[in-house]
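Subject: Structure handover

Hello,

Here is the structure for your files. My notes on what was found in it follow below.

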Amino acid sequence: MDKKYSDIIKASRPAYVRHRPMSLSSRAAQFAPFEALNGHDNALKETARLTDNMIDIDEYVKSVLGDKLQILSERIDDLPEVKLTYFRPDKRKCGGAYISLTGLVKEIDEYERMIVFCDGKKIPIDQIYEIESELFTELGFE
């Protein structure tokens, strides 16, 4: 048994003239596990990600929001600062998230039904859940 491989046991690794030796990292990559279901992990994470449903607001809240929008439109030249809470639909799945945004209102676009901020952000009026501002407090509205 000891003599079976005695001719190659101490031999050096063969050197190939046409091919350079592969780096250790390249060799390791050959034996790394492959992802059999490409994108499966991402799909699982996306399915597990939670979204909120848009809350249906009642007529009273709609009326209050309408009154606040009217006050904002009357004071639009003063660039009033407001904090809007609005629903932003998710681009990938049903539902979305409620987001709060604070800034100076530049315009209320009644045709497109958008509130336009000085920084260019546009919020759809139909997705607004709440409007807060010192302007309303000063008028005794809140």
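The lining of the largest pocket is made up of 11 nonpolar, two polar and four charged residues (nonpolar: Ala, Val, Leu, Ile, Met, Phe, Trp, Tyr, Cys and Pro; charged: Asp, Glu, Lys and Arg; polar: the others, Gly among them). This is a predicted model, in which local features need pLDDT of at least 70 and side-chain atom pairs count only at pLDDT 80 or more, while totals for chains, interfaces and linings use all residues. Residues are numbered from 1 along each chain as its sequence is written, and side-chain values use heavy atoms, with hydrogens and water left out.

The space in the largest pocket comes to about 250 Å³. Of its 17 lining residues, I57, L65, I125, D126 and I128 are the closest to the centre. A pocket here is an open set of points on a 1 Å grid over the protein atoms alone, where a 1.4 Å probe fits, with protein on both sides within 12 Å along at least five of seven lines; lining residues have an atom within 4 Å of a point. Grid points are joined across faces, edges and corners, and the volume is the space filled by probe spheres set on the points. Helices (H or I, at least four residues) and strands (E, at least two) are DSSP runs, numbered from the N terminus.

I125 sits in the loop between β4 (122-124) and β5. I125 counts as buried because its relative accessible area is 12% (buried is under 20%, exposed over 50%, partly exposed in between, with a 1.4 Å probe and protein chains only). Residues up to four places away in sequence aside, I125 touches L69, I108, R113, M114 and I115, where contact means heavy atoms within 4.5 Å. From I125 to E112, 13 residues apart in sequence, the C-alpha distance is 8.9 Å.

The largest nonpolar core has 19 residues, of which L72, L84, I108, I115, F117, I128 and I131 touch the most other members. Its elements with two or more residues are α3, β1 (81-89), β2, β3 (114-117), β5 and α4, and α3 gives the most, four residues. Such a core is a set of buried Ala, Val, Leu, Ile, Met, Phe, Trp, Tyr and Cys residues joined through side-chain atoms within 4.5 Å. Beyond four places in sequence, the contacts of I115 include L69, L84, V105, I108, I125 and I128.

V105 belongs to strand β2 (residues 96-109) and is buried, since its relative accessibility is 0%. Its contacts beyond four places in sequence are I76, L79, P80, V82, I115, V116 and F117.

S133 lies in the loop between β5 and α4 (134-138) and is buried, at 10% relative accessibility. A polar atom of the S133 side chain is 2.8 Å from the backbone oxygen of E81.

Two backbone angles may be worth a look. Most residues other than glycine have a negative phi. L79, in the loop between α3 and β1, has a positive phi near 50° and is partly exposed at 35%. R113, in the loop between β2 and β3, has a positive phi of about 55° and is partly exposed at 39%.

Regards

Terms used. A polar contact is a pair of N or O atoms within 3.5 Å; within protein, one must be able to donate a hydrogen and the other to accept it, and residues adjacent in sequence count only if both atoms are side-chain atoms.
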